[in-house]
Amino acid sequence: MFATWLNIIMDHRVFIVEPSSTIQQAMRIAMSDASWHTSFASTAREAVTALQEAPPDVLILNHTLTDMNGLELCQRLVALGWTQSLHIIGLAHPRRADASEAAWRAAGAQGCLSKPFSVHAFNHCIRTGLG
């Protein structure tokens with residue numbers, strides 16, 4: 001029973017689109033005790049390519065990307081129907097109305113996490129997305 005439960009957890013994939021390598025490293029550390037597979041991209045273009053090759057269960061999007069903002073990427077994924085099997089979590093910026101929780105929800109994100117966030121809140125948000 002435990003082995004079956006562990007395999008279910010290990011099969012979950014989390015994909016994070018974050019342009020800062022420093023923040024990517026902090027997220028890796030925050031998830032170091034987690035038992036899901038995690039991948040990263042720095043740009044929307046890298047993300048789309050990777051998502052087509054191996055769709056994750058949870059996608060975490062930063063608003064500020066170099067080639068497209070995260071809200072636009074979220075809207076495109078929703079329009080393509082990808083959110084039927086993909087839980088999108090947007091990273092909200094409390095001082096930016098264009099990256100608020102309401103903006104992420106309007107773009108089609110199922111979850112939102114406001115910056116700055118704790119390690120506990122970050123991992124909880126991912127676990128919620130995994131169901």
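A disulfide is taken here as a pair of cysteine sulfur atoms within 2.5 Å. The structure examined is a predicted model, in which local features need pLDDT of at least 70 and side-chain atom pairs count only at pLDDT 80 or more, while totals for chains, interfaces and linings use all residues. Residues are numbered from 1 along each chain as its sequence is written, and side-chain values use heavy atoms, with hydrogens and water left out.

By the disulfide criterion, the structure holds zero disulfides. The sulfur of Cys-74 lies 9.9 Å from the closest cysteine sulfur, that of Cys-112, which is too far for a bond. Cys-125 is likewise in no disulfide, the nearest cysteine sulfur, in Cys-112, being 7.7 Å away. Residues are termed buried under 20% relative accessible area, exposed over 50%, and partly exposed in between (1.4 Å probe, protein chains only). Cys-74, at 0% relative accessibility, therefore counts as buried, and Cys-125, at 13%, also counts as buried.

Secondary structure elements are DSSP runs numbered from the N terminus, with helices (H or I) of at least four residues and strands (E) of at least two. Two strands are considered paired if DSSP finds at least two bridges between them. Five strands form an open sheet in the order β2-β1-β3-β4-β5, with parallel pairing. Strands β2 and β5 (111–114) stand at the edges with a single partner strand each, so one side of each has no neighbour in the sheet. Neighbouring strands of this sheet are turned against each other by 20° on average, direction ignored. Strand β4 (residues 87–92) pairs with β5 in the parallel sense over four bridges; the bridge partner of Leu-91 in β5 is Leu-113.

Axes are lines fitted to C-alpha atoms, for helices over the stretch in contact (heavy atoms within 4.5 Å), and angles between N-to-C directions run from 0 to 180 degrees. Helix α2 (residues 21–30) lies across β1, β2 and β4 and runs at about 175° to β2. Helix α6 (residues 119–130) lies across β1, β3, β4 and β5, at about 140° to β3.

In helix α3 (residues 44–53), the buried residues are Ala-44, Ala-47 and Leu-51. These residues cover an arc of only 55° around the axis, based on directions from the helix axis to the C-beta atoms, which places them on the same side of α3. An α-helix has 3.6 residues a turn, so residues three or four places apart point the same way. The elements covering the buried residues of α3 include β1 (13–17), β2 (37–41), β3 (58–61) and α4 (70–79). Exposed residues Arg-45, Gln-52 and Glu-53 are carried on the face of α3 turned away from its buried side.
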